[in-house]
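Good morning, and thank you for making time for this presentation.

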Amino acid sequence: DPYSKWVYAQEGIVCQKANLCELTLKTPTDEIKELFTMFEPLDGSLIEKNYPEAEAKGNLYKGSWGCMLTTDSIRGDKVGIESAWNTPVYDLKTNDDEPDHTLIKSLVNKLNNDGSAAEFKKTLDEIVDVEQVLKYSALAWVVGNPDDMRQNMNNTYFYFNSLDNKLEILPYDDDRCFGILQDWPIDMSYVPDYTTKMAGRDRAWQENPLLWRLFLKSDDPNSLSKKYPVIEEYRQRYF
């Protein structure tokens, strides 16, 4: 996980700082030493440290199981603030004193509209930081993360930059990268960089409309290529 975070940071992707530490726990009668991973909190303080003031006032969401940016994923109480009785799919981590979920709901609804690649490019450019998301997506494949938004509709942070309201994606929970198979033998080494299948879900079709528009493509009539035709310029940029 710390090495994955280092890889992202080297390429300019905002992410947590992480490192290893040896922690000693003591009681009056004994003690134990264990190796732990330390993480910088992924919250408003991280945003404030990594963005200029004008860009650091946006909504940050933790995306958990189901965060595919589909219309189903934002229905009901799936967008909100975590409580004792609800863990939202998109859990707001900043600006929770006056929550306003307009941007994320508008983004998802726009992403799920039909339209040709040429027609949709302008829309995408207005609501997504395309360069940042393409770079994040390429690096997620490089480090081999099987448990993020793309591969398992999970463990992804979404940030809406307050300067332009565009979506950025921040990495999170990279503990299974680089071939780590303990407790969950999902081997990412066979997954190509243009994969359209979700490795963690029995190779089911990836439903995320953003990723289909950016770089996913398939000739299989059962795929979503026809509904969400790829923007070839962005696909080549991703490669």
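Helices here are DSSP runs of H or I of at least four residues, strands are DSSP runs of E of at least two, and both are numbered from the N terminus.

Two remarks on the source are needed. This is a predicted model, in which local features need pLDDT of at least 70 and side-chain atom pairs count only at pLDDT 80 or more, whereas totals for chains, interfaces and linings use all residues. Residues are numbered from 1 along each chain as its sequence is written, and side-chain values use heavy atoms, with hydrogens and water left out.

I turn to helix 1 itself. Its residues S4, K5, V7 and Y8 are buried, that is, under 20% relative accessible area, where exposed means over 50% and partly exposed lies in between, with a 1.4 Å probe and protein chains only. Seen down the axis, the buried residues of helix 1 fall within an arc of 155 degrees, so they line one face of the helix; the arc is that of the directions from the helix axis to the C-beta atoms. The elements covering them include strand 1 (18-26), strand 2 (31-39), helix 5 and strand 7, with contact meaning heavy atoms within 4.5 Å.

How do helix 1 and helix 5 pack, and at what angle? Helix 1 (residues 2-10) and helix 5 pack at an angle of about 145 degrees, with their axes 10 Å apart. The axes are lines fitted to C-alpha atoms, for helices over the stretch in contact, and angles run from 0 to 180 degrees between N-to-C directions. On the side of helix 1, S4, V7 and Y8 take part, and they meet Y136, L139, A140 and V143 in helix 5.

D174 also belongs to this region of the discussion. D174 lies in the loop between strand 7 and strand 8, and at 1% relative accessibility it counts as buried. Leaving aside neighbours within four places in sequence, D174 is in contact with D1, S4, K5, Y8 and N145.

Next, the nonpolar cores. A nonpolar core is a set of buried Ala, Val, Leu, Ile, Met, Phe, Trp, Tyr and Cys residues joined through side-chain atoms within 4.5 Å. The largest has 46 residues, of which Y90, L124 and L210 touch the most other members. Helix 5 (residues 130-143) gives the most to this core, with seven residues. Another core, of 10 residues, lies apart from it, and V14, L46, Y159 and L170 are among its members.

L124 touches L111, V130, L210, R213, L214, I231 and Y234, not counting residues up to four places away in sequence. L111 is also one of the buried residues of helix 3 (residues 102-111), together with I104, L107 and V108. They cover an arc of only 95 degrees around the axis, which puts them on the same side of helix 3.

Finally, the backbone. Most residues other than glycine have a negative phi. N95, in the loop between strand 5 (90-92) and helix 3, has a positive phi near 55 degrees. N95 is partly exposed, with a relative accessible area of 33%. F178 likewise has a positive phi, of about 55 degrees, although it is not a glycine. F178 lies in the loop between strand 7 (167-171) and strand 8 (197-198), and it is partly exposed at a relative accessible area of 42%.
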